[in-house]
Amino acid sequence: HIAAVRKPVFSIGTWAMLATILTAILGASVDTKVLPPIVHGLLAYGAIACNFAAIKIEIGALTESSRIVDEVNALLGA
């Protein structure tokens, strides 16, 4: 059950990292005037949103994992 709880963490985490990396790379394109700043700005807001979503999902997964560990410990009498 822990694997099922942790599964969404990896997918949203990957998307958050990719969005952040893409934003940084395209930020260099703005510095060299290849892209307009609005493109970088919109990508930055998207990357921030992805990272907040990842944090929310991670906190949920950690909470559920902790609950499962507590349940197992109670069953083991620990």
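**Exercise 1.** In this predicted model, the side chains of Glu64 and Arg67 meet in a salt bridge. State the N to O distance and check it against the cut-off for a salt bridge.

*Solution.*
Step 1. The distance from N to O between Glu64 and Arg67 is 2.6 Å.
Step 2. A salt bridge requires a side-chain nitrogen of Lys or Arg within 4 Å of a carboxyl oxygen of Asp or Glu, so the pair qualifies.
Step 3. As background, side chains of opposite charge can pair when their charged atoms come close.

**Exercise 2.** Find how Glu64 and Arg67 are placed along their helix, and decide whether Glu64 is buried, partly exposed or exposed.

*Solution.*
Step 1. Both residues belong to helix α2, which covers residues 37-76.
Step 2. Glu64 and Arg67 are three residues apart, so about one helical turn separates them.
Step 3. Glu64 has a relative accessible area of 24%, which makes it partly exposed.
Step 4. Arg67, at 38% relative accessibility, is also partly exposed.

**Exercise 3.** How many salt bridges does the structure hold, and which residues do they join into one network?

*Solution.*
Step 1. The structure holds two salt bridges.
Step 2. One of them pairs Glu64 with Arg67.
Step 3. Glu71 and Arg67 also meet through their side chains in a salt bridge, at 2.8 Å from N to O.
Step 4. Glu71 and Arg67 lie four residues apart in helix α2, about one turn of the helix.
Step 5. Glu71 is partly exposed, its relative accessible area being 42%.
Step 6. Through shared partners, the salt bridges join Glu64, Arg67 and Glu71 into one network.

Definitions and conventions
Residues numbered from 1 in each chain as written. Predicted model: local features only at pLDDT ≥ 70, side-chain atom pairs only at ≥ 80, totals over all residues. Heavy atoms only, no water. Helix = DSSP H or I, 4+ residues; strand = E, 2+ residues; numbered from the N terminus. Buried < 20%, exposed > 50% of the residue type's maximum accessible area, 1.4 Å probe, protein only.
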